[in-house]
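The exercises below are meant to be worked through slowly, with the sequence and the structure open beside the text. Please try each task before reading the solution that follows.

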Amino acid sequence: MRRLSTRVLIEGKEVEITDASLNKRGGLAGNQFNFTVPGDDVSFRKYWNKEVTFFLHKDDAYPLFRGRVINTNIVDTYKVKFTATDALGYLGGHHKAQVTLNDDNNVDGLTLGGAIIKLITMSSLQNIVGTDFIGDSSPIISTTVPPIRGTQSIISIIKRLLPLAINTDKDIPRENILMVKDDGSKSQLMITLQPDLDSSLPVYKFNKSNIVSFKVSNRETPTTVVVTGKTQDTNVTFRHESAASALGENFYSVTNAQLKSKAECQDFAAKLFEANLKDQYEYSLASYYGAYLEENDVIHITEEDSDVNGTFRVVGKSIVVKPNQYQVTLSINKRPPILAQFLEGN
């Protein structure tokens, strides 16, 4: 493990820890930070819902994690383990912040960025979840069709709207994702487009000199893709018979309101299939470096034992912290836009 001097603060006050772990799963899953505090005077209620910040190095300007305490457990007589979640976890975890949308108060006609801002405002969470960096999707979409009504969780509404913004400027369709960025005082939500790996410059390079371990896993590849466009009569089914014979019958369905004809849906389905066939693998890379890499960052990997060489997108990471040391594990995939983390019934 690499040596360091971490800092964990609760409500701005530094606390001693014996160990910690940070898990960032990517997508719309909330990031989670676990840490253990020694002592026999640690109170459960005292720290509930309090703000936690984690600095990997004591001189860092911005925390690697900012969130709220959501659980505490006694490890032994003189230790308590805390669990904290970030802004996304606060929206989608056990809190499940909800809003009620009706004909008088709704997000009709707003862009994705505008809709998220209004949802956060309606739930009165501006002091916890910031929207100053929110931006908007590429392409910009309208939330008009179909109108959303009733009492629903904010995260479920975002899951419904986010897949509508699919960028088709390149040969491979790309998703828009929602990330959490820290501004030094608050967690900010930000919409960003997945990078084009063929043209993006890597921000970090990994090879045998800085890789501790490297694991390659097969990922299920859809061989039958069903695409529905703006209306139901644009529905098409694309099936690759030879791939189905070799890889198995794997089904996937997606709705893309930007597609207005069967021909456009057929072309989109073929692109989804080719994107998934090209990148059939998921990678897990352990290193003492890369702790500051975030979801959507592009990296280059040269791993001779598994014959992997190319640019990839970081989709998640975990950091394990021991006294004065840490190790990073990155989840990596070229991750074709199959939208599985958003859509139901796939």
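## Exercise 1: Aromatic rings in the interior

Phe35 has a relative accessibility of 0%, so Phe35 counts as buried. This value, like every other one in these exercises, is computed from a predicted model.

**Task.** Decide whether Phe33 and Phe54 are buried or exposed, and determine how the ring of Phe33 is placed against the rings of Phe35 and Phe54.

**Solution.** 

Step 1. A residue is called buried when its relative accessible area is under 20%. Phe33 has a relative accessible area of 0% and is therefore buried, and Phe54, with a relative accessibility of 0%, counts as buried as well.

Step 2. A pair of aromatic rings is described by the distance of the centres and the angle of the planes. The count of aromatic pairs in this model comes to nine. For Phe33 and Phe35, the ring centres lie 5.3 Å apart and the planes meet at 25°; since planes under 30 degrees apart count as stacked, this pair is stacked.

Step 3. Phe33 and Phe54 also form a stacked aromatic pair, with 4.6 Å from centre to centre and 20° between the planes. This pair links distant parts of the chain, for Phe33 belongs to strand β5 (residues 32-38) and Phe54 to strand β6, 21 residues apart.

Step 4. One aromatic cluster is formed by Phe33, Phe35, Tyr47, Phe54, Phe65 and Phe82.

## Exercise 2: The nonpolar cores

**Task.** Find which residues touch the most other members of the largest nonpolar core, and find which strand gives this core its largest share.

**Solution.** 

Step 1. The largest nonpolar core has 37 residues, and those touching the most other members are Phe33, Phe35, Phe54 and Ile301.

Step 2. Strand β22 (residues 308-322) supplies the largest share of this core, namely five residues.

Step 3. Apart from this core there is a second, separate one of 31 residues, whose members include Ala87, Ile116, Ile141 and Ala165. As a general background, nonpolar side chains in soluble globular proteins tend to be buried together.

## Exercise 3: The surroundings of Phe54

**Task.** Work out which strands pair with β6, and name the residues that stand opposite Phe54 in the bridges.

**Solution.** 

Step 1. Strand β6 covers residues 51-55 and is mostly covered, with four of its five residues buried.

Step 2. Strand β2 (residues 7-10) pairs with β6 in the antiparallel sense over four bridges, and Val8 is the residue that stands opposite Phe54.

Step 3. Strand β7 (residues 65-76) likewise pairs with β6 in the antiparallel sense, over four bridges, and here the bridge partner of Phe54 is Phe65.

Step 4. When neighbours within four places in sequence are left aside, the contacts of Phe54 include Val8, Phe33, Phe65 and Val321. Arg7 is also in contact with Phe54, and Arg7 lies over the face of Phe55, at 5.5 Å from the ring centre.

## Exercise 4: A sheet of three strands

**Task.** Give the order of the strands in the open sheet of three, and explain why one side of β18 and of β19 is left without a neighbour in the sheet.

**Solution.** 

Step 1. The order is β18-β17-β19, and the pairing in this open sheet is mixed.

Step 2. β18 (236-239) and β19 (251-255) stand at the edges with a single partner strand each, so one side of each has no neighbour in the sheet. From one strand to the next, the twist averages 15°.

Step 3. Strand β17 (residues 224-228) pairs with β18 in the antiparallel sense over four bridges, and Val227 stands opposite Val236 in β18.

Note on methods:
Residues numbered from 1 in each chain as written. Predicted model: local features only at pLDDT ≥ 70, side-chain atom pairs only at ≥ 80, totals over all residues. Heavy atoms only, no water. Core = buried A, V, L, I, M, F, W, Y, C linked by side-chain atoms within 4.5 Å. Buried < 20%, exposed > 50% of the residue type's maximum accessible area, 1.4 Å probe, protein only. Helix = DSSP H or I, 4+ residues; strand = E, 2+ residues; numbered from the N terminus. Contact = heavy atoms within 4.5 Å. Pairing = 2+ DSSP bridges. Phe/Tyr/Trp six-rings, centres within 6.5 Å; stacked < 30°, edge-to-face > 60°. Lys NZ or Arg CZ within 6 Å of the ring centre and 35° of its normal. Axes fitted to C-alpha atoms, helices over the stretch in contact; angles between N-to-C directions.
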